[in-house]
Amino acid sequence: MTTEEKIKVILSHIENVQRNTNKLGLKLIAKGEIKLGQTLIANGLIHDNSKLRGIEFEHLFFDSVLLVDAIKHHQQTNPHHPEYWPNGIHDMPDVYLAEMACDILARSQEFGQDIKLWIREEATKKYVFRLDDICGIKLFYYINLILDKNFKELKENS
């Protein structure tokens with residue numbers, strides 16, 4: 001993959017996340033959660049910038065010996081990843097949990113995956129939370145606000 005191709009992939013993902021952070025941030029502001037919404041929008045403007053340099057830029061796009069190190073670096077330098085926090089998702093402040101929701105929704109859209117299925121079957125195991133605990137409830141709250149259809153409706157229709 002050329003430098004130009006890598007940058008295009010990174011920018012496309014960042015733009016997708018920014019669309020989600022802007023949408024969610026504005027909805028949170030409208031609901032009176034002004035500081036959370038404003039901070040989320042600001043976070044969206046710098047989302048995943050670490051992918052544009054160093055080990056991440058050099059090794060995230062192909063299978064190499066340093067791919068695991070590049071992923072680890074990304075997770076440890078970006079607080080919207082549960083791996084950044086000592087107790088994982090359970091330590092995440094609301095703004096980073098909201099940014100995570102924007103990020104995983106963008107990834108699911110980019111790969112044509114079902115976000116509700118991924119959260120239910122993979123995220124709960126990977127990040128060790130339940131759908132009915134505070135993390136699961138907040139994550140679904142943020143996803144519901146971003147999606148045009150209510151997440152509960154989507155869940156019931158699947």
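Okay, housekeeping. Residues are numbered from 1 along each chain as the sequence is written, and side-chain values use heavy atoms, with hydrogens and water left out. As the model is predicted, local features need pLDDT of at least 70 and side-chain atom pairs count only at pLDDT 80 or more, while totals for chains, interfaces and linings use all residues.

So, the pocket. On a 1 Å grid over the protein atoms alone, a pocket is an open set of points where a 1.4 Å probe fits, with protein on both sides within 12 Å along at least five of seven lines. The largest pocket comes out at about 750 Å³, a volume being the space filled by probe spheres set on the points, which are joined across faces, edges and corners. Its lining (residues with an atom within 4 Å of a point) has 26 residues, and His 13, Lys 51, His 81, Asp 103 and Arg 107 are the ones nearest the centre. Two or more lining residues come from each of α1 (3-30), α4 (67-77), α5 (94-111) and α6 (115-126); helices here are DSSP runs of H or I, at least four residues, numbered from the N terminus. By class, the lining splits into 11 nonpolar, eight polar and seven charged. Nonpolar means Ala, Val, Leu, Ile, Met, Phe, Trp, Tyr, Cys and Pro, charged means Asp, Glu, Lys and Arg, and the others, Gly among them, are polar.

Now, what does α5 pack against? One partner is α7 (residues 134-146), at an angle of about 55 degrees with the axes 9 Å apart. Axes are lines fitted to C-alpha atoms over the stretch in contact, and angles run from 0 to 180 degrees between N-to-C directions. That makes α5 oblique to α7, since under 35 degrees is roughly parallel, over 145 roughly antiparallel, 65 to 115 roughly perpendicular and the rest oblique. Contact means heavy atoms within 4.5 Å, and residues making this one include Leu 97 and Ile 104 of α5 and Leu 139 and Ile 143 of α7. The class count is 11 nonpolar, no polar and two charged.

Another partner is α2 (residues 34-46), at about 50 degrees with axes 10 Å apart. α2 and α5 are therefore oblique to each other. Their contact has six nonpolar, two polar and two charged residues.

Last one: α1 and α7 sit at about 100 degrees, axes 9 Å apart, so they're roughly perpendicular. Asn 20, Lys 23, Leu 24, Lys 27 and Leu 28 in α1 meet Tyr 141, Tyr 142, Leu 145 and Ile 146 in α7.
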